[in-house]
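Open the model in your viewer and keep the sequence panel beside it. The tour below goes from one selection to the next.

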Amino acid sequence: MPTSPPPLIVMGVSGSGKSTIGIALARSFGIPFVDGDDLHPAHNRDKMAAGQPLNDEDRAPWLEIIAERVRDDLAAGTPIVVACSALKRRYRDQLVRLTPSTVLIHLVGDRALIAARQAGRNHEYMPNSLLDSQFAALEPLEEGERAFEVSLDQTPEQILAEIHARLAALTGEAVPASETAPTPASASAPAAVSETVPETEESA
């Protein structure tokens, strides 16, 4: 049985592979995965589907729902992996406020790489036209955040290996992946990460 990690939030712009990597990461630890989009109220989903970015008034209650879910599951003895874009520092602060041990993992890639990945999928809540708004809103990780970046310019298998190594360095504990845990089916084709498992990525 692999050592349990702290709660993990896999973040980044739409198309960065948050759900794909998040699912594989959760499987490697034998813990649940939660897609942030599943916790959006209907109003937010309708707005994004219409090509309208969410504003802070839309996001605040949704981010609190995620934060409460992370806290409650950890209190019950189960850390979880959440996919949530968490583009701005204040959003990330709200997400980890109730559970400071949470680690944020930022999947980073340039716009050309992300756009190429988005071109191969049709997202229910996040039209490709909103990619520019995502990059415009993105605030890089800052000093004081319990977080690290991982480059998308590598295979999913390499991304997972790097995440495990970075978690071990950050927490000071060994957090090995389960030897029997499945890796993404697209491990040999990094450009297809977001096509392997359908993603639902929000505009926070």
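Start at Gly51, which follows helix H2 and has a positive phi, near 85 degrees. The model is a predicted one.

Now step back to H2 itself, residues 42-49, and select Asn44, Lys47 and Met48, which are buried. Viewed around the helix axis, these residues cover an arc of only 95 degrees, which puts them on the same side of H2. Ala42 and Asp46 are exposed and sit on the face turned away from that buried side.

Next, show the strands. Five of them form an open sheet with parallel pairing, in the order E2-E3-E1-E4-E5. Strand E2 (33-35) and strand E5 are at the edges; each has a single partner strand, so one side of each has no neighbour in the sheet. On average, and ignoring direction, neighbouring strands here are turned by 20 degrees against each other.

Zoom in on one pair of this sheet. Strand E4, residues 103-108, runs parallel to E5 and is joined to it by five bridges. Within this pair, Leu104 stands opposite Ala147 of E5.

Select Glu145, in the loop between helix H6 (131-137) and strand E5 (147-151). Is Glu145 buried or exposed? Glu145 is buried, with a relative accessible area of 14%. Its side chain makes a polar contact with the side chain of Arg92, at 2.7 Å. A polar atom of the Glu145 side chain also lies 2.8 Å from the backbone nitrogen of Glu142.

For the last stops, turn to the nonpolar cores. The largest has 24 residues, of which Leu8, Leu25, Ile105, Leu107 and Ile163 touch the most other members. At least two residues each come from strand E1 (8-11), helix H1 (18-29), E4, H6, E5 and helix H7 (156-171). H1 gives the largest share, five residues.

Select Leu107 and display its surroundings. Leaving out residues up to four places away in sequence, Leu107 touches several residues, including Val10, Ile21, Val150, Leu152 and Ile159. Apart from this core lies another, of 17 residues; select Leu39, Trp62, Ile66 and Leu95, which are among them.

Conventions: Residues numbered from 1 in each chain as written. Predicted model: local features only at pLDDT ≥ 70, side-chain atom pairs only at ≥ 80, totals over all residues. Heavy atoms only, no water. Helix = DSSP H or I, 4+ residues; strand = E, 2+ residues; numbered from the N terminus. Buried < 20%, exposed > 50% of the residue type's maximum accessible area, 1.4 Å probe, protein only. Polar contact = N/O pair within 3.5 Å; in protein donor to acceptor, adjacent residues only side chain to side chain. Pairing = 2+ DSSP bridges. Axes fitted to C-alpha atoms, helices over the stretch in contact; angles between N-to-C directions. Arc of directions from axis to C-beta. Core = buried A, V, L, I, M, F, W, Y, C linked by side-chain atoms within 4.5 Å. Contact = heavy atoms within 4.5 Å.
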